[in-house]
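This report is for a reader who is meeting the structure for the first time. Please look at the sequence and the model before reading on.

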Amino acid sequence: MSDRRIYHPKPIKSSELPPDYVKMVTEVLTSNFEGGLKALAQEVSSETMFRVSGAIYPDEVLVRVSLAIRGQLAATTVHASADFDPKASSPRVDELLGACVDAIGTVLGHYLDEKKPKLIAQLADESISALEEAPFEWTKIEVERFKIFVRMDKANPEIDALADDWLAKNDPEHHLQSEREQEELESLFVTGPKDRKPGGRSH
């Protein structure tokens, strides 16, 4: 486990996940966990939804899936990270991203079981302490042949994104730097076959 993953400071360079990929992952997770989302919505009497985000760094890929409840600032977020070497022919970045999505699906699947109302209630609670057996620290799991690190918290990446958006709009130098980094790192992303769902299987 790298020191950067432990402390997770903001990297110098990163490229956000392509919007099409984010949309695809959101749709797959929403479909796979339809029953759990409905049960949670009934528990909290509000709309529930997945928010997918993430980035490609020079030495890491990171995927975040937040389970948001309309009207709540907190969100249950699962982070999945994998070491990445852009100079290596294997594993490809899309393979690592797929494995990260699979890992997140495994974690979410523990709580989003409509047949287990106790676990659904834990997701409804805004306190992180309500989540029993959650990986609060970076925890390594094996997904096929990949080593993926997962962590769960009550962070809401959308709030952080709003702060970044304000900075981008009000700091011209920040905007130019972001554009250069986006162009440089987008070339690393390989989508693979168009009909391939993230992770290659359902949860």
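The text below goes from the whole chain to one strand and its neighbours.

The model is predicted. The chain has 203 residues, and 42% of them are buried. Of the contacts between residues at least 6 apart in sequence, 64% join residues at least 24 apart. The accessible surface is about 11200 Å², and carbon and sulfur atoms hold 52% of that area.

Strand 3 covers residues 60-69. Ten of its ten residues are buried, that is, under 20% relative accessible area, so the strand is largely enclosed by the rest of the structure. In a regular strand the side chains alternate between the two faces of the sheet. In strand 3, E60, L62, R64, S66 and A68 point one way, while V61, V63, V65, L67 and I69 point the other way, and all are buried.

Strand 3 pairs with strand 2 and with strand 4. The table sets out the two pairings.

| Partner of strand 3 | Sense | Bridges | Residues between the strands |
|---|---|---|---|
| Strand 2 (residues 48-57) | antiparallel | ten bridges | two residues |
| Strand 4 (residues 75-83) | antiparallel | nine bridges | five residues |

Each pairing can be followed at a single position. Strand 2 and strand 3 form a hairpin, as do strand 3 and strand 4. In the turn of the hairpin between strand 3 and strand 4, G71 has a positive phi of about 100°.

Conventions: Residues numbered from 1 in each chain as written. Predicted model: local features only at pLDDT ≥ 70, side-chain atom pairs only at ≥ 80, totals over all residues. Heavy atoms only, no water. Buried < 20%, exposed > 50% of the residue type's maximum accessible area, 1.4 Å probe, protein only. Helix = DSSP H or I, 4+ residues; strand = E, 2+ residues; numbered from the N terminus. Pairing = 2+ DSSP bridges. Contact = heavy atoms within 4.5 Å. Areas by Shrake-Rupley, 256 points an atom, 1.4 Å probe, with all protein chains shown as cover.
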